[in-house]
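Please look over the model below before reading the notes.

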Amino acid sequence: MAIDSLEAIQAGSTTQWIRIRGTDASNPVLLLIQQGPGLPMINEARRFEHLLGLEQAFTVVYWDQRGCGRSLRKRQDRAGISLEHMAGDTVSLLDLLRDRFGAKAYVAGFSFGATLAAYAAAQRPDLVATLIATGMDIDGAAAGTGAYDFALAAARQRGNRRATRQLEAIGPPPHLDSKQFATRVRWATNFGGVTTSQTYATLVRGLLASLVRSPDYSAGDVIRTVRGITATQTALLPELATMDLAATLPRLDVPVVMVQGRLDQVAPGAAAQRYASALKAPSKQLVWFENSAHTPHLEEPGKFRDLLIGVRASQLAST
């Protein structure tokens, strides 16, 4: 790597951490914003390089957001966990990247990270070359109801008494505490609604393994990261439950590429279709990944990489 640095930055009132990696410093910047809420990103550098190889075409920025991963080093780092503050952090980071590299950044956000990216792009379109929104959280009420109904129907169809009992116990959404949310996500995941080839247990084991193996996290960082996931979810769930991007972000003054898994049961395809149709933007595109659920970038990595390379080529051709 021509660039491979782990750095602390100031965003809002907190110190946060990024890892910047790339084979050629002249490549455009690509900021990756992790799904969640509460999940770290720097630990994914090795897996993303192996699956996607984005460092060959971009200068890739992996970011642990406020309250997540390495950016959660003391209790006060949990302060200000809100969509407003985290979107502001995103703007601060994009501003820093433009000052350093001299150009707008491509921004690829995943799930909740795509929502953050959209709010940041709305505030500062001059900082974003293209927004690539993957499995974006668009309609909180529809997402909660869809995921719950899917999980409960699958549990009953399969005769899974434990899943049926737990899902009936929490009742329909909104699920505003982390235990209810975790129950819904666990069973939606186990029935293939998040990543088609993974269960909740394998995803959790994969997260822990990536943290432990990463040279960027101490044992204390790993413990704080796991605890921080629940704290971040608890802070954000009320906002996410009522979120409606069609109402709050009807216009984005940047090119938008929406990536949607056809099998996604936690960010409904119908909501993505409605938003893509209604959104006002200089250019917009909705790309379906037919064999993916909520994580197309991990389930069909070759197609996702080709999409990003194509976005970069189109942008360069138009300038």
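Which residues are exposed on the other side of α7? They are Arg205, Val212 and Arg213, where exposed means over 50% relative accessible area, buried under 20% and partly exposed in between (1.4 Å probe, protein chains only). This is a predicted model, in which local features need pLDDT of at least 70 and side-chain atom pairs count only at pLDDT 80 or more, while totals for chains, interfaces and linings use all residues. Residues are numbered from 1 along each chain as its sequence is written, and side-chain values use heavy atoms, with hydrogens and water left out.

**Helix α7**
- Helix α7 spans residues 200–213; helices (H or I, at least four residues) and strands (E, at least two) are DSSP runs numbered from the N terminus.
- Its 14 residues reach 20 Å from the first C-alpha to the last, close to the 20 Å expected at 1.5 Å a residue; the expected span is 1.5 Å times one less than the number of residues.
- Leu207, Ser210 and Leu211 are the buried residues of α7.
- Seen down the axis of α7, these buried residues fall within an arc of 100°, so they line one face of the helix; the arc is that of the directions from the helix axis to the C-beta atoms.
- The cover over the buried residues of α7 includes α8 (219–242), with contact meaning heavy atoms within 4.5 Å.

**Helix α1**
- In helix α1 (residues 45–52), the buried residues are Ala45, Phe48 and Leu52.
- They cover an arc of only 65° around the axis, which puts them on the same side of α1.
- An α-helix has 3.6 residues a turn, so residues three or four places apart point the same way.
- Arg46 and His50 are exposed on the face of α1 turned away from its buried side.
- Among the elements covering the buried residues of α1 are β2 (14–22), β3 (29–33), β5 (105–110) and α12 (301–317).

**Cavity**
- The structure holds one cavity of 30 Å³ or more; a cavity is a set of points, on a 1 Å grid over the protein atoms alone, where a 1.4 Å probe fits but cannot get out.
- The largest cavity has a volume of about 40 Å³, a volume being the space filled by probe spheres set on the points, which are joined across faces, edges and corners.
- Its lining residues (an atom within 4 Å of a point) include Met136, Asp137, Gln260 and Pro268.

**Two buried residues**
- Serine 82 sits in the loop between β4 (59–64) and α2 (83–101), and counts as buried at 14% relative accessibility.
- Leaving out residues up to four places away in sequence, serine 82 touches Leu236 and Glu239.
- Valine 287 belongs to strand β8 (residues 284–289) and is buried, with a relative accessible area of 13%.
- Valine 287 and methionine 258 are 29 residues apart in sequence and 6.1 Å apart in space, C-alpha to C-alpha.

**Backbone geometry**
- Most residues other than glycine have a negative phi, and most peptide bonds are trans.
- Glycine 36 and proline 37 are joined by a cis peptide bond with omega about 5°, and proline 37 is in the loop between β3 and α1.
- Proline 173 and proline 174 are also joined by a cis peptide bond, with omega about 10°.
- Serine 111 is not a glycine, yet has a positive phi of about 60°.
- Serine 111 lies in the loop between β5 and α3 (112–123) and is buried, with a relative accessible area of 5%.

Technical notes: On a 1 Å grid over the protein atoms alone, a cavity is a set of points where a 1.4 Å probe fits but cannot get out, and a pocket is an open set with protein on both sides within 12 Å along at least five of seven lines; lining residues have an atom within 4 Å of a point.
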